[in-house]
Amino acid sequence: MQASFYFSFGPDNSGKAIRRIFRKGFLEKMRRTNAAKLYGFRTMLYGVLLPAPIIWKRASAQMQAAREAGHEVGIHAWDHVQYHDLLDRKSRGWLEDWFARAHEAFGTVFGGPAKGAVSPAWRCNDNTLEIQEGYHLGLCRRLSGKRAILSHRAGRALRTLQIPTTLPTLDELLGLDGRSARQASDEVLGLLKEGELNVYALHTEVEGGALSQVFETFLEGLEARGVQARTHADCCQTCWPPNPPAKPMVRREIAGRPGWASFEGE
């Protein structure tokens with residue numbers, strides 16, 4: 001199977017996510033997902049009681065190994081937590097620097113420019129849409145929804161294709177109404193629709209860590225059903241409409257995820 005790997009490159013400030021403690025649903029999610037087991041205590045201290053490691057300096061070999069294995073690689077973030085938590089509070093200049101650092105690190109690791117990116121927590125605003133447009137990417141994944149679109153900004157359609165995540169993530173379902181990890185994974189499998197766009201987002205620290213055995217079973221389920229896993233870039237050649245509609249971005253809440261995410265508007 002092939003997949004699209006999107007990396008965070010800058011400081012791992014996971015511990016600073018504690019700022020979300022007063023956000024509706026945050027503590028409940030930490031409880032039902034057993035966050036200490038899911039992420040590990042050490043990770044939860046980065047940027048607070050432990051120095052925040054610069055990810056690309058520690059993990060460039062693993063990043064390169066993903067591309068060498070035939071997978072697509074792209075940008076997820078410079079500092080994931082800062083973007084997630086403070087997006088609307090940051091200036092245009094801060095955001096430009098954030099993107100520049102991520103793209104520079106990608107070029108250092110992979111020896112060329114990124115062709116795709118995904119936004120932390122499925123969040124964007126007008127500034128980030130315009131800034132990312134300047135990098136001439138082939139695609140971004142910024143929203144939840146059902147179809148690929150072009151974002152509409154200030155009366156014009158931007159060029160960068162926006163690809164939705166159509167399926168719930170494992171951590172959104174885990175513990176919700178008592179679901180076990182296996183039940184949550186089976187539910188995702190059951191939501192796959194033949195002949196339609198199916199985009200699943202997984203996280204290294206979840207499916208690649210504490211729930212790796214559940215993920216192995218999920219992959220076996222895909223294989224048993226004859227599902228072909230493809231990269232975003234591969235799908236761009238055949239799966240998206242030649243003239244995707246231009247839509248504004250709106251904000252909505254997702255069950256099992258605290259806060260808002262970007263969605264296709266009317």
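1. Ala 121 counts as buried, because its relative accessibility is 8%. Buried here means under 20% relative accessible area, exposed means over 50%, and partly exposed lies in between (1.4 Å probe, protein chains only). Ala 121 sits in the loop between β3 (116-118) and α7. Its phi is positive, about 60 degrees, although Ala 121 is not a glycine. Trp 122 is found in that loop between β3 and α7 too. Trp 122 has a positive phi of about 55 degrees, and it is not a glycine either. At 5% relative accessibility, Trp 122 also counts as buried.

2. Some ground rules. This is a predicted model, in which local features need pLDDT of at least 70 and side-chain atom pairs count only at pLDDT 80 or more, while totals for chains, interfaces and linings use all residues. Residues are numbered from 1 along each chain as its sequence is written, and side-chain values use heavy atoms, with hydrogens and water left out.

3. Overall content. The protein has twelve helices and nine strands. Helices (H or I, at least four residues) and strands (E, at least two) are DSSP runs, numbered from the N terminus. Of the 266 residues, 47% count as buried. Take the contacts between residues at least 6 apart in sequence: 69% of them join residues at least 24 apart. Contact means heavy atoms within 4.5 Å.

4. Helix α11 covers residues 212-224. It has 13 residues and spans 18 Å from its first C-alpha to its last, close to the 18 Å expected at 1.5 Å a residue. The expected span is 1.5 Å times one less than the number of residues. Just after α11, Gly 226 takes a positive phi of about 75 degrees.

5. Which residues of α11 are buried? They are Val 214, Phe 215, Phe 218, Gly 221 and Leu 222. Seen down the axis of α11, these buried residues fall within an arc of 110 degrees, so they line one face of the helix. The arc is that of the directions from the helix axis to the C-beta atoms. On the other side of α11, Gln 213, Glu 216, Glu 223 and Ala 224 are exposed. The buried residues of α11 pack against α9 (181-191) and α10 (204-210).

6. Helix α9 has its own buried set: Ala 181, Ala 184, Ser 185, Val 188 and Leu 189. They cover an arc of only 145 degrees around the axis, which puts them on the same side of α9. The cover over the buried residues of α9 includes α8 (170-173) and α11.

7. The α9/α11 pair. The two helices pack at an angle of about 25 degrees, and their axes are 10 Å apart. Axes are lines fitted to C-alpha atoms, for helices over the stretch in contact, and angles run from 0 to 180 degrees between N-to-C directions. α9 and α11 are therefore roughly parallel to each other. Angles under 35 degrees count as roughly parallel, over 145 as roughly antiparallel, 65 to 115 as roughly perpendicular and the rest as oblique. α9 passes α11 in a right-handed crossing. From α9, the contact is made by Ala 181, Arg 182, Ser 185, Val 188 and Leu 189; from α11, by Val 214, Thr 217, Phe 218, Gly 221 and Leu 222. A crossing is right-handed if the near helix is turned clockwise from the far one by less than a right angle, and left-handed if anticlockwise.

8. The α4/α6 pair. Helix α4 (residues 55-68) and helix α6 (residues 92-110) pack at an angle of about 60 degrees, with axes 9 Å apart. α4 and α6 are therefore oblique to each other. Their crossing is right-handed. On the α4 side, Trp 56, Ser 60, Met 63, Gln 64 and Arg 67 take part, meeting Ala 105, Thr 108, Val 109 and Phe 110 in α6.

9. Not counting residues up to four places away in sequence, Ala 105 touches Phe 9, Trp 56 and Trp 78. Ala 105 and Ile 55 are 50 residues apart in sequence, yet their C-alpha atoms are 9.9 Å apart in space.

10. Asn 127 lies in helix α7 (residues 126-133). At 25% relative accessibility, Asn 127 counts as partly exposed. Leaving aside neighbours within four places in sequence, Asn 127 is in contact with Arg 92 and Leu 95. Its C-alpha is separated by 9.7 Å from that of Gly 93, 34 residues away along the chain.
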